[in-house]
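Visitor: I would like to go through this model step by step. Please begin with any term I need.

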Amino acid sequence: MEAIEVTDLRKTYGGTHAVDGVTFAVRAGETFGIVGHNGAGKTTTVECLIGLRRADAGTVRVLGEDPARRRRALAQRLGVQLQDSSLPERMKVAEALRMFGSLYRDAADWRRVMDRWSLRPLARKAFGDLSGGQKQRLMLALAMVGDPEVVVLDELTTGLDPIARRETWRLIGDLRTAGTTVVLVSHYFDEIEALCDRVAVFARGRVEATGTPAELIARTGTASLEEAYMALEGADR
Ligand SMILES: Nc1ncnc2c1ncn2[C@@H]1O[C@H](COP(=O)(O)OP(=O)(O)OP(=O)(O)O)[C@@H](O)[C@H]1O
């Protein structure tokens, strides 16, 4: 079963074709990576997936629903961590987790989420007093507090130190074991290789290739996913 289906998605800002005919599908329970150069259309696609933007053309289905029309219903089943997301400066960590938890009908126990993401020592700290990495960890925990079926993570480990990064990988691995569908936008090839079952390579508003990391490496006759990406991304320049 497909958890996400995107078909011929198009989105233009002024004269810029940000997304220009994107098609891919994510199977239920799969961890799916999206890689691509700056401005390739990754975030715009993700925003269409979660109903933050309406496509100009094409279809998007998440858990069988159209996010542009069913955003509120889908929000109960989605966990989202976006680039540049923020909270009020004075909101405390525990307060944020409790408040986000209250927005879901079938939330996880927010205290358990706080423990799982090693946030208990920071429970009484205000968001504005957290370090960049601590903020990132909190935003990830908030994405999980609704016990989502599909998780969308844009720039998962940006700003995390190496230990926090590995720990985050482990927690994303746990999501996969639990059968959660994960979409992961990343510029880190080690992360994509370690976590993702399949990858879509975005370039200039299109999907240049889709496959397992091993397939993309074999298809391009390269030695690593990063080299495969370079070969694919530059293919039609
Ligand atoms: N709100 C907007 N208004 C105008 N242009 C936009 C807007 N959002 C994105 N764009 C443009 O659309 C294109 C795709 O942007 P998008 O943010 O989707 O790319 P991305 O692949 O996520 O890039 P990055 O890796 O830098 O985050 C870029 O050319 C960008 O400048």
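Guide: A residue is called buried if 20 or more other C-beta atoms lie within 10 Å of its own, exposed if 12 or fewer, and partly exposed in between. Keep in mind that this is a predicted model.

Visitor: Which residues of H1 are buried?
Guide: Eight of the eight residues of H1 are buried, so the helix is largely enclosed by the rest of the structure. By name, the buried residues are Lys42, Thr43, Thr44, Thr45, Val46, Glu47, Cys48 and Leu49.

Visitor: Which glycine follows H1, and what is its phi?
Guide: Helix H1 covers residues 42-49. The glycine after H1 has a positive phi, and this residue is Gly51, with phi near 80°.

Visitor: Which element gives the largest share of the shell around the ligand?
Guide: The ligand is surrounded by Tyr13, Thr16, Ala18, Gly36, Asn38, Gly39, Ala40, Gly41, Lys42, Thr43 and Thr44. Two elements give two or more residues to this shell, strand S2 (16-27) and helix H1 (42-49). The largest share is three residues, and it comes from H1.

Visitor: How many residues of the shell around the ligand are charged?
Guide: Sorted by class, the shell around the ligand has three nonpolar and seven polar residues. Lys counts as charged, and Lys42 is among the residues around the ligand. The number of charged residues in the shell is one.

Visitor: Which buried residues line one face of H8?
Guide: Seen down the axis of H8, the buried residues fall within an arc of 100°, so they line one face of the helix. On the other side of H8, Ala214 and Ala218 are exposed. The buried residues of H8 (residues 213-220) are Pro213, Leu216 and Ile217.

Visitor: What covers the buried residues of H8?
Guide: The cover includes both helices and strands. Among them are helix H7 (189-195), strand S8 (198-203), strand S9 (206-211) and helix H9 (225-233).

Visitor: What phi does the residue just after H8 take?
Guide: Helix H8 spans residues 213-220. Just after H8 comes Gly221, with a positive phi of about 60°.

Visitor: How far apart are the C-alpha centres of domain 1 and domain 2?
Guide: The protein chain is divided into domain 1 (2-77 + 149-233) and domain 2 (88-147). The distance between their C-alpha centres is 24 Å.

Visitor: Which element gives the largest share of the side of domain 1 that touches domain 2?
Guide: The contact takes ten residues from domain 1 and ten residues from domain 2. On the side of domain 1, strand S6 (150-154) and helix H6 (162-177) give two or more residues. By class, that side has five nonpolar, four polar and one charged residues. Its largest share, three residues, comes from H6.

Visitor: Is Gln134 buried or exposed?
Guide: Gln134 lies in helix H5 (residues 132-144). The cut-off for a buried residue is 20 or more other C-beta atoms within 10 Å. Gln134 has 20 such atoms around it, so it counts as buried.

Visitor: Is Ala57 buried or exposed?
Guide: Ala57 is found in strand S4 (residues 57-62). Ala57 has 12 C-beta neighbours inside 10 Å, so it counts as exposed.

Visitor: What is the phi of Asp8?
Guide: Most residues other than glycine have a negative phi. Asp8 is not a glycine, yet its phi is positive, at about 50°.

Visitor: Where is Asp147 found, and what is its phi?
Guide: Asp147 is found in the loop between H5 and S6. Asp147 is partly exposed, with 17 other C-beta atoms within 10 Å. Its phi is positive although the residue is other than glycine, with a value near 50°.

How values were computed
Residues numbered from 1 in each chain as written. Predicted model: local features only at pLDDT ≥ 70, side-chain atom pairs only at ≥ 80, totals over all residues. Near = placed C-beta within 6 Å. Helix = DSSP H or I, 4+ residues; strand = E, 2+ residues; numbered from the N terminus. Arc of directions from axis to C-beta. Contact = placed C-beta atoms within 7 Å. Domains from an automatic or database assignment.
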